[in-house]
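This report concerns selected side-chain interactions in a protein model. The sequence and structure are shown first.

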Amino acid sequence: MDNKELKKIIAIKKEKKSFRVFWENFVFEHEWYFYKMPNIVAKTIFYSGKNSFEEVKKSFEIIKKYFWEVFVIPDTKIVEYKKGSYVIKQKKVDWKFLSKSILRENRVIKEKFKKLMIINEELYKEKWLFLDILWTDFIYDTNSIHNLMVIWNDIYLFDFWLLDKNSSWIIFKFVSKVAYKIQTKIINTFFIKYKKSYKD
């Protein structure tokens, strides 16, 4: 992404509105790409006192390291905007949300998803980090997981947001702890049993 494109995207972003208060990114589509920038919640809570550009790059590398066997990340570029902020550019693909029906009908996806959740659990135990896969969209559609997309036998991840129970920022630490418990319970109860029990 060159400076000309970056300036164009920033200008487009100013004309758009986002009503997703609890997301960490302001997200919009333009032509064949998704663009993401940190919103006010991210700046004041999740990345308070930190370089959000470096934090996003770090999360991206952790996710590639831990989850490369089970999902595909679409063509993604992360560039710095101003000091410490970022713009994420991701190519759109023709996908479906991972759903209960897909898990029932596609054994390959079912096994990949189960392994994904086990890896997520291991990441939490090792580093107190975990991948937030439910988003607030789950409230409106309880049959799908809106952070995971499916194309044939592949699972795609567009959002590499990691929650951190070990965060020095008390609000983020609390949100991460609660979100981990809720997500684990929901996935085990409504989507797939990937473990018999969980402990904090």
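## Basis of the model

The model is predicted: local features require pLDDT of at least 70, side-chain atom pairs count only at pLDDT 80 or more, and totals for chains, interfaces and linings use all residues. Residues are numbered from 1 along each chain as its sequence is written, and side-chain values use heavy atoms, with hydrogens and water left out.

## Aromatic pairs

The structure contains ten aromatic pairs. Rings of Phe, Tyr and Trp (its six-membered ring) are paired if their centres lie within 6.5 Å; planes under 30 degrees apart are stacked, those over 60 are edge-to-face and the rest are tilted. One of these pairs joins F34 and F158: the ring centres are 5.6 Å apart and the planes stand at 80 degrees, so the arrangement is edge-to-face. This pair links distant parts of the chain, since F34 belongs to strand β2 (residues 33–38), F158 to the loop between β8 (154–157) and β9 (162–164), and 124 residues separate them. Helices (H or I, at least four residues) and strands (E, at least two) are DSSP runs, numbered from the N terminus.

Both F34 and F158 are buried, where buried means under 20% relative accessible area, exposed over 50% and partly exposed in between (1.4 Å probe, protein chains only). F67 and F71 form a stacked aromatic pair, with 5.5 Å from centre to centre and 15 degrees between the planes. F67 is buried, at a relative accessible area of 0%, and F71 is buried as well, at 7%. A further group, made up of F26, F28, Y33 and Y35, forms one aromatic cluster.

## Charges over rings

A charge sits over a ring if NZ of Lys or CZ of Arg is within 6 Å of the ring centre and within 35 degrees of the ring normal. The charged end of K64 is placed over the ring of F60, 4.5 Å from the ring centre. The charged end of K100 is likewise over the ring of F191, at 5.5 Å from its centre.

## Salt bridges

Side chains of opposite charge can pair when their charged atoms come close. The structure has eight salt bridges, each defined as a side-chain nitrogen of Lys or Arg within 4 Å of a carboxyl oxygen of Asp or Glu. Among them is the bridge between E54 and K57, whose closest N and O atoms are 3.9 Å apart. E54 and K57 lie three residues apart in helix α3 (residues 52–67), so about one helical turn separates them. E54 is partly exposed at 38% relative accessibility, as is K57 at 32%.

Helix α3 also holds E61 and K64, three residues or about one turn apart. Their side chains meet in a salt bridge of 3.1 Å, N to O. E61 is partly exposed, with a relative accessible area of 44%, and K64 is partly exposed at 34%. Another bridge joins D75 to K77, with the closest N and O atoms 3.7 Å apart. D75 is partly exposed at 42% relative accessibility, and K77 is partly exposed at 36%.

## Residue S85

S85 lies in strand β4 (residues 85–91). At 12% relative accessibility, S85 counts as buried. Leaving aside residues up to four places away in sequence, S85 is in contact (heavy atoms within 4.5 Å) with P38, S52, F53, V79 and E80.
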